[in-house]
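Please examine the sequence and the three-dimensional model shown below before reading the report.

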Amino acid sequence: MPHDHHHHEGTSPSGHPYRADQDGPLTYWQAMEVAVRELLVEKGVVTADQVQRQIEAMDARSPADGAAFVARTWTDPDFAALARRDATAACREMGFDPGTMRLIAVENDEGTHNVVVCTLCSCYPRNLLGLPPDWYKSREYRSRTVREPRAVLREFGLDLPEGTTVRVHDSTADMRYVVIPRRPDGTDGWEADLLAALVTRDSMIGTGVARVPS
Amino acid sequence: MSEAGTTGRRWHDMGGDAAGPVPGDEHDFALWEKRVDALMILASGAGHFTVDGLRRALEDMGEAAFEEMSYYERWIAAVNQNLLEGGVYSIEELGRKMAEVQARGDSYGTVQDG
């Protein structure tokens, strides 16, 4: 199989920095992936084409989907009401497949900041934001966010005022949270597309806030 | 589990523990990792195991696996465990296939069949 040896710069479509080339020696677990995949194809459980399409569907998901979702809550009061009541249905209305998970949207306001974690594993609104960043799955984030959220948020550069209530939401395999950040000041009359560009991945996890227009 | 004996919690139940600074590193996913993710979704979608079955296998791997193996290394181990238990293929079939794959070459790219 040919390999590209050019150097990747910046970030991938999924919003992660590119990792180093995968040309190293075959690992035991990589061999297991190949073996399991081929056995599943031989047994008729999956086809190679299905695996490829599943990867393409996953690659197509990115925080841009979540940003469009958030921007619509900022511009469409009926949609915002639906998102508060049933974010799974709101997700579907945007044309994003919510999968088997139940999605709950938690909304920041002047006095409240929400942040999402999965203390038990790595549950994440992947159908709306794509795959979770490495730090979300780390022991440090999982352990400390429920104990000292303000200290964790400061490590992300977010220093919340004393008077702000911080709500931490612990996800489960069946129930995922997405944060609706506050709409930045100075964006009155903005179209949803323009607003979506202000909505970062971290603002929807709660480790950041929406960008302030420059 | 000895850990449960002293704390009432298993190793994966780490919410509230003390820990160091959150690591800032992020990486994009390699093709083999994306394939593991896809196999999990497709094989569970086909009814061969549930997300609870996946998590049970991950939790039973213990804390050493969490520290020493990467995320998708643990996932392929857990997917494989569930498929073996579900009788989708036997341990002999897996062993033969693993040996066959490893004999094809020495990098992930060169062992792909066709």
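The model is predicted, so local features need pLDDT of at least 70 and side-chain atom pairs count only at pLDDT 80 or more, whereas totals for chains, interfaces and linings use all residues. Residues are numbered from 1 along each chain as its sequence is written, chains are lettered from A and ligands numbered from 1 in the order in which they are written, and side-chain values use heavy atoms, with hydrogens and water left out.

**Helix packing**

Two packed helices are described by the angle between their axes and the distance between the axes. Helices (H or I, at least four residues) and strands (E, at least two) are DSSP runs, numbered from the N terminus. Axes are lines fitted to C-alpha atoms, for helices over the stretch in contact, and angles run from 0 to 180 degrees between N-to-C directions.

| Helix pair | Angle | Axis distance |
|---|---|---|
| α3(A) and α4(A) | roughly 120 degrees | within 6 Å |
| α2(B) and α5(B) | about 35 degrees | 10 Å |
| α1(A) and α5(B) | about 35 degrees | 10 Å |

In chain A, helix α3 spans residues 63–75 and helix α4 spans residues 77–85. Given their angle, α3(A) and α4(A) are therefore oblique to each other (under 35 degrees counts as roughly parallel, over 145 as roughly antiparallel, 65 to 115 as roughly perpendicular and the rest as oblique). Contact, meaning heavy atoms within 4.5 Å, is made by A:F69, A:R72, A:T73 and A:T75 of α3(A) with A:P77, A:F79, A:A80 and A:A83 of α4(A).

For α2(B) and α5(B), the residues in contact include B:W32, B:V36 and B:M40 of α2(B) and B:W75, B:I76 and B:V79 of α5(B). By class, this contact has 9 nonpolar, no polar and 3 charged residues (Ala, Val, Leu, Ile, Met, Phe, Trp, Tyr, Cys and Pro count as nonpolar, Asp, Glu, Lys and Arg as charged, and the others, Gly among them, as polar).

Helix α5(B) also packs against α1(A), residues 28–42 of chain A. Among the residues in this contact are A:W29 and A:M32 of α1(A) and B:I76 and B:L83 of α5(B).

**The largest pocket**

A pocket is an open set of points on a 1 Å grid over the protein atoms alone, where a 1.4 Å probe fits, with protein on both sides within 12 Å along at least five of seven lines; lining residues have an atom within 4 Å of a point. The largest pocket holds about 1,200 Å³ of space. It is lined by 50 residues, of which A:S122, A:R126, B:M40, B:Y71 and B:W75 are the closest to its centre. Helix α2(B) gives the largest share of the lining, 6 residues. The lining divides into 21 nonpolar, 12 polar and 17 charged residues.

Terms used: Points joined across faces, edges and corners; volume = space filled by probe spheres on them.
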